[in-house]
Amino acid sequence: DTPGIIPVCVNELLLCVEQYNRPEKVEDRKSSLCDTPARAELRVSFVDIYNDRIMDMLDDPTSKKRHYVKLAPDIGTYVENLTETTITSIEQYKQCYIKRCNCWDNTNAGFGIPASSRTAKVVLLTVVWLDPNGTRLSRTKASFVDLPGSERIYKSGAVGSLLKEAMYANKVLTTLLDVLVATSGKGAHVPYRNCTLTHLLQDEMAKPKDWRRRFDWEIHPNIVIIGNVSPCEDQRSETN
């Protein structure tokens, strides 16, 4: 009965959007500045990254669409052909989550992608500001990532396709660390493109001055990392 981090954040964002969209406030903005956003929307997307391949979890599993991370000057990084669903209540978010689970977890095998703990799971929440004509003026986003677990190959004994999965999962974690180290220092090169996940999270992890230099506008990213640490003695080497 206790909601997790993502549902709590969804609920808070919905309250902010609802307050912003109150009729009296919309009318005030329309009568003041013509370029002031008239209303806001909250949109949700679900992405799985398996072996560096992006999967749209709200799309038909049999879809032949390809999804690549792109970079646009006006919105930053985004996923090509990604399904975005506008939600106005926590119940609608839950329905999207149920669809994400039912649509894929029961059909991954037919799609050639097995259910795997080595998959990075991403929930993308985007608040979009629109003018009275429905044209997007700006946006802000939050990305929630369930990282794949690290794996010692000599312990797990993974071979074949499982070995490939483990190698990609470890690559994600290594690249994530490399990017965090590079953005916290003065290094000229940040290896965002070394894996799909860090490329997707470039907005959230970039140095604000890098974006100001490239696009004449700034981003103000914040990152929170929650570690799940095993207390077991035989996992000490992983914990260290």
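Reader: How many residues does helix α1 have, and what distance does α1 reach from its first C-alpha to its last?

Author: The model is a predicted one. Helix α1 covers residues 5-20, which is 16 residues. At 1.5 Å a residue, 22 Å would be expected. The helix comes close to that, with a reach of 23 Å from its first C-alpha to its last.

Reader: Where do the buried residues of α1 fall when seen down its axis?

Author: The buried residues of α1 are I6, V10, L14 and V17. Seen down the axis of α1, these buried residues fall within an arc of 75°, so they line one face of the helix.

Reader: Which residues make a nonpolar surface patch with I5?

Author: I5 is placed in helix α1. The nonpolar surface patch that includes I5 has an area of about 350 Å².

Reader: What share of the accessible surface of the chain belongs to carbon and sulfur atoms?

Author: The chain has 240 residues, and 38% of them count as buried. Its accessible surface comes to about 14400 Å². The share of that surface belonging to carbon and sulfur atoms is 53%.

Reader: How many helices and strands are there, and what percentage of the contacts with a separation of 6 or more is between residues 24 or more positions apart?

Author: The chain holds 10 helices and 7 strands. Among contacts with a separation of 6 or more, those between residues 24 or more positions apart account for 59%.

Reader: Is R43 buried or exposed, and how does E84 count?

Author: Buried means under 20% relative accessible area. R43 has 18%, so R43 is buried. E84 has a relative accessibility of 37% and counts as partly exposed.

Reader: Why does the salt bridge of K121 and D48 tie together parts that are 73 residues apart in sequence?

Author: The closest N and O atoms of K121 and D48 are 3.1 Å apart. The pair ties together parts 73 residues apart in sequence because K121 lies in strand β6 (residues 120-130) and D48 in strand β1.

Reader: Which relative accessibility does D48 have, and which does K121 have?

Author: D48 counts as buried, at 4% relative accessibility. K121 counts as partly exposed, and its value is 30%.

Reader: Which residues does K121 touch, not counting residues up to four places away in sequence?

Author: K121 and F144 are 23 residues apart in sequence, and their C-alpha atoms are 8.2 Å apart in space. F144 is one of the residues that K121 touches, not counting residues up to four places away in sequence.

Reader: Where in the chain are K141 and D203?

Author: The side chains of K141 and D203 meet in a salt bridge of 3.0 Å, N to O. This pair links distant parts of the chain, 62 residues apart. K141 is in strand β7 (residues 136-146), and D203 is in helix α8 (residues 202-205).

Reader: What is the phi of N51, and what is the phi of D52?

Author: Most residues other than glycine have a negative phi. N51 and D52 lie in the loop between β1 and β2. Neither is a glycine, yet N51 has a positive phi of about 50° and D52 has one of about 70°.

Reader: Which residues does N51 touch, not counting residues up to four places away in sequence?

Author: N51 counts as buried at 18% relative accessibility, whereas D52 counts as partly exposed at 24%. Not counting residues up to four places away in sequence, N51 touches K164, E165 and Y168.

Technical notes: Residues are numbered from 1 along each chain as its sequence is written. This is a predicted model: local features need pLDDT of at least 70, side-chain atom pairs count only at pLDDT 80 or more; totals for chains, interfaces and linings use all residues. Side-chain values use heavy atoms; hydrogens and water are left out. Helices (H or I, at least four residues) and strands (E, at least two) are DSSP runs, numbered from the N terminus. The expected span of a helix is 1.5 Å times one less than its number of residues. Buried means under 20% relative accessible area, exposed over 50%, partly exposed in between (1.4 Å probe, protein chains only). The arc is that of the directions from the helix axis to the C-beta atoms. Patches are made of residues with over 30% relative accessible area and no salt bridge: like charges are joined within 9 Å, nonpolar side chains (Val, Leu, Ile, Met, Phe, Trp, Tyr) within 5 Å. Accessible areas come from the Shrake-Rupley method with a 1.4 Å probe; for residues, only the protein chains shown count as cover. A salt bridge is a side-chain nitrogen of Lys or Arg within 4 Å of a carboxyl oxygen of Asp or Glu. Contact means heavy atoms within 4.5 Å.
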